[in-house]
Amino acid sequence: MLRSLLAILLLGCTAILAVALTVEGISERARKLHFSSVVVDTHDDTTQRLVDGNDFDLAQRAPNGSIDIPRMREGNLSAIFFSIWIPSKITGPTAVKRALTQIEAVREQVRRHPKDLALATTAAEVRQAREHGKIAALLGVEGGHMINSDLAVLRQFAALGVRYMTLTHSGNDEWADSSTDKPVHNGLSDFGKDVVREMNRLGVMVDISHVSDKTFYDALAISKAPLVASHSSCRAICDAPRNMTDQMMKDLAAKGGVIQINYHVAFLSQEFRDAEKNHPEINEQIAAKVDKKCGDNEACQLMEGDRLTREAVEAGKLPRVGYEKIIEHIDHAGKLVGADHVGLGSDFDGANMPYGMEDASKLPLITEALLKKGYSESDIRKILGENTLRVMEEVERVSREATAH
Ligand SMILES: [Zn+2]
């Protein structure tokens with residue numbers, strides 16, 4: 001009680017003091033390590049809150065959701081990839097237009113908060129932002145359907161600062177199969193392979209989260225640069241089709257790539273997944289309530305879905321998943337393919353978060369847990385962000401070589 005009172009009194013004082021009281025039970029060693037590291041999160045769905053008249057401002061501490069500037073600072077989130085996302089069923093020029101609207105919304109937040117945010121398009125710019133005391137804002141397009149089968153649109157996205165594209169979302173697009181749809185392209189179509197080559201040339205990371213296993217292997221064979229799985233977890237622990245098998249992780253790592261672990265409870269916990277499967281009525285009821293309250297407003301859908309899922313957990317209808325499950329996935333991947341190939345891709349503001357990892361302010365708990373597991377400080381720094389920066393640098397190098405005359 002006294003602690004929370006102090007925290008309230010100290011709000012608005014220095015970030016350090018607020019931090020000291022926000023995440024409890026963190027050792028001094030973990031705190032020092034965490035706050036001196038570059039922490040990169042490769043997938044956040046916060047962008048939805050910035051559009052459709054939601055009137056959300058990143059500078060204000062929000063009563064819900066997981067991401068805003070105050071909480072990013074409390075958790076030392078140094079770099080965030082804002083996901084540009086629309087449902088797979090929206091295609092054609094509408095998809096392009098909506099993607100551009102979202103890109104603009106993120107860029108507008110950077111313009112509005114120049115002391116806190118800096119748009120970053122390279123690993124060096126991420127480090128520079130941090131040196132200037134700013135959070136690096138990056139852009140990732142989640143789903144190839146947003147380019148409307150047009151490489152010129154991809155080039156336009158890249159010119160606006162987009163630095164990864166997930167080849168599909170949850171449905172197939174015109175040139176690639178998704179892991180959660182019926183295969184129609186046998187992985188990547190010929191045009192899909194051209195998309196990957198053009199992404200290499202442009203210096204846009206190829207993201208294989210969401211794609212079918214065959215699409216992953218096609219992209220791995222074509223890409224000259226390492227791939228990322230911006231927000232995927234381990235299928236050996238939780239059998240979701242969009243998680244990666246051990247063999248896929250090994251093959252990803254062999255080419256220098258990184259799997260950034262997703263915190264969504266239904267990708268972390270088999271028990272949670274089974275409960276959802278065995279009681280489909282729970283999610284049907286949640287979906288009906290979300291639909292009634294939110295209509296087409298995607299930000300509202302995401303927040304409300306998370307809230308109602310928590311309600312179902314509290315009522316004992318769904319199992320309670322703790323943040324330790326994130327650590328289990330990081331550790332599984334780390335032991336399997338090495339700490340050089342694991343990162344963080346929360347899915348904050350777009351999924352159901354485990355207990356203890358409700359928002360970005362809780363990130364130091366990951367550092368603490370990895371130290372307790374015996375990870376070295378240097379390996380922890382890699383997992384927190386350095387691995388993602390290394391892939392960015394490699395992708396930049398491949399792009400430079402492809403465009404050199
Ligand atoms: Zn996703």
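In the predicted model, Asn76 is located in the loop that runs between helix H5 (69-74) and strand S2 (79-84). The phi angle of Asn76 is near 50 degrees, a positive value in a residue other than glycine. Asn76 has a relative accessible area of 12% and is therefore classed as buried, the limit for this class being under 20%. A positive phi is also found at Ser149, about 50 degrees, although this residue is not a glycine. Ser149 belongs to the loop between S4 and helix H8 (151-159). With a relative accessible area of 32%, Ser149 is partly exposed, whereas Asn76 is buried.

The zinc site was examined next. The zinc ion has as its protein donors Glu142 (OE), His210 (NE2) and His231 (NE2), which lie 1.9 to 2.2 Å from the ion. Distant parts of the chain are linked by the pair Glu142 and His210, which are 68 residues apart. Glu142 is part of strand S4 (residues 135-142), while His210 is in the loop between strand S6 (205-207) and helix H10 (213-222). Glu142 is counted as buried because its relative accessibility is 2%. His210 is likewise counted as buried, at 7% relative accessibility.

Helix H10 contains Asp218. This residue has a relative accessible area of 10%, so Asp218 is buried. When its neighbours within four places in sequence are left aside, Asp218 is in contact with Asn186, Gly187, Leu188 and Lys193. Asp218 and Ala254 are 36 residues apart along the chain, and their C-alpha atoms are separated by 15 Å.

The cysteines were then considered. A disulfide is a covalent bond between the sulfur atoms of two cysteines. The structure holds one such link, which joins Cys294 to Cys300 with an S to S distance of 2.0 Å. The angle about the S-S bond is -65 degrees, and the link of Cys294 and Cys300 is left-handed. Cys294 is buried, its relative accessible area being 8%. Cys234, by contrast, is in no disulfide, and the nearest cysteine sulfur, that of Cys238, is 9.8 Å away. The sulfur of Cys238 has its closest cysteine sulfur in Cys234, and because the separation is 9.8 Å, the two are too far for a bond. A disulfide requires the two sulfur atoms to be within 2.5 Å. Cys234 counts as buried at 0% relative accessibility, and Cys238 is buried with a relative accessible area of 0%.

Helix H17 (residues 364-372) and helix H18 (residues 377-403) have axes that come within 10 Å and cross at roughly 145 degrees. The crossing in which H17 passes H18 is right-handed. On the side of H17, the residues involved are Thr367, Leu370 and Leu371, and these meet Glu377, Ile380, Ile383 and Leu384 in H18.

Technical notes. Residues are numbered from 1 along each chain as its sequence is written. This is a predicted model: local features need pLDDT of at least 70, side-chain atom pairs count only at pLDDT 80 or more; totals for chains, interfaces and linings use all residues. Side-chain values use heavy atoms; hydrogens and water are left out. Axes are lines fitted to C-alpha atoms, for helices over the stretch in contact, and angles run from 0 to 180 degrees between N-to-C directions. Helices (H or I, at least four residues) and strands (E, at least two) are DSSP runs, numbered from the N terminus. A crossing is left-handed if the near helix is turned anticlockwise from the far one by less than a right angle, and right-handed if clockwise. Contact means heavy atoms within 4.5 Å. Buried means under 20% relative accessible area, exposed over 50%, partly exposed in between (1.4 Å probe, protein chains only). Donors are N, O and S atoms within 2.8 Å of the metal (3.2 Å for Na, K and Ca); water is not among the atoms, so sites may look incomplete.
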